Amino acid sequence: MQNKSKADVQMTNALLRATLLSTPALYIMDARPKINAAANRAAGAGYENTSHYENASLAFLNIENIHVMRKAYNELRDICIDPGKDAKNSFLTAVDRY
């Protein structure tokens with residue numbers, strides 16, 4: 001964001017260096033559409049500034065309504081935790097409902 005946390009930058013750069021052999025770059029994912037992030041920036045918030053990190057790039061995932069995605073994730077998680085007596089049929093039926 002516009003204000004960086006020195007501890008976050010240090011930790012993120014340390015993680016990147018620790019995995020450098022398998023990961024040549026740091027990918028920061030922002031679930032929002034870029035236009036939403038830009039509007040937040042105008043309001044004083046915003047999105048991650050990749051210049052604070054080594055070998056970093058930012059991708060916007062363009063999820064329009066993150067609240068709907070969170071609800072779907074929570075429902076799927078709950079189904080996975082307790083699929084019911086007949087696990088296969090209950091699981092597939094429950095997933096099909098959503």
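The side chain of Ser-51 makes a polar contact with the side chain of Asn-49, at 2.7 Å. A polar contact here is a pair of N or O atoms within 3.5 Å; within protein, one must be able to donate a hydrogen and the other to accept it, and residues adjacent in sequence count only if both atoms are side-chain atoms. Ser-51 sits in the loop between α2 (34–42) and β2. Ser-51 is exposed, with a relative accessible area of 60%. Exposed means over 50% relative accessible area, buried under 20%, and partly exposed in between, using a 1.4 Å probe and protein chains only.

This is a predicted model: local features need pLDDT of at least 70, side-chain atom pairs count only at pLDDT 80 or more, and totals for chains, interfaces and linings use all residues. Residues are numbered from 1 along each chain as its sequence is written, and side-chain values use heavy atoms, with hydrogens and water left out.

Now the overall layout. The chain has four helices and two strands. Along the sequence they follow the pattern α-β-α-β-α-α. Helices (H or I, at least four residues) and strands (E, at least two) are DSSP runs, numbered from the N terminus. Of the 98 residues of the chain, 18% count as buried. Contact means heavy atoms within 4.5 Å. Among contacts between residues at least 6 apart in sequence, 59% join residues at least 24 apart.

Start with helix α1, residues 6–18. This helix has 13 residues and reaches 18 Å from its first C-alpha to its last, close to the 18 Å expected at 1.5 Å a residue. That expected span is 1.5 Å times one less than the number of residues. Which residues of α1 are buried? They are Val-9, Thr-12, Asn-13 and Leu-16. Seen down the axis of α1, these buried residues fall within an arc of 95°, so they line one face of the helix. The arc is that of the directions from the helix axis to the C-beta atoms. An α-helix has 3.6 residues a turn, so residues three or four places apart point the same way. On the other side of α1, Ala-7, Leu-15 and Ala-18 are exposed. The buried residues of α1 pack against β1 (26–30).

Thr-12 belongs to that buried set, at 17% relative accessibility. A polar atom of the Thr-12 side chain lies 2.8 Å from the backbone oxygen of Asp-8. Beyond neighbours within four places in sequence, Thr-12 is in contact with Leu-26 and Tyr-53.

Next, the aromatics. Rings of Phe, Tyr and Trp (its six-membered ring) pair if their centres lie within 6.5 Å; planes under 30 degrees apart count as stacked, over 60 as edge-to-face and the rest as tilted. The count is one aromatic pair. The rings of Tyr-47 and Phe-60 have centres 5.2 Å apart and planes at 85°, so the pair is edge-to-face. Tyr-47 lies in the loop between α2 and β2 and Phe-60 in strand β2, so the pair ties together parts 13 residues apart in sequence. Both Tyr-47 and Phe-60 are buried.

Most residues other than glycine have a negative phi. Asn-62 is partly exposed, at 48% relative accessibility.
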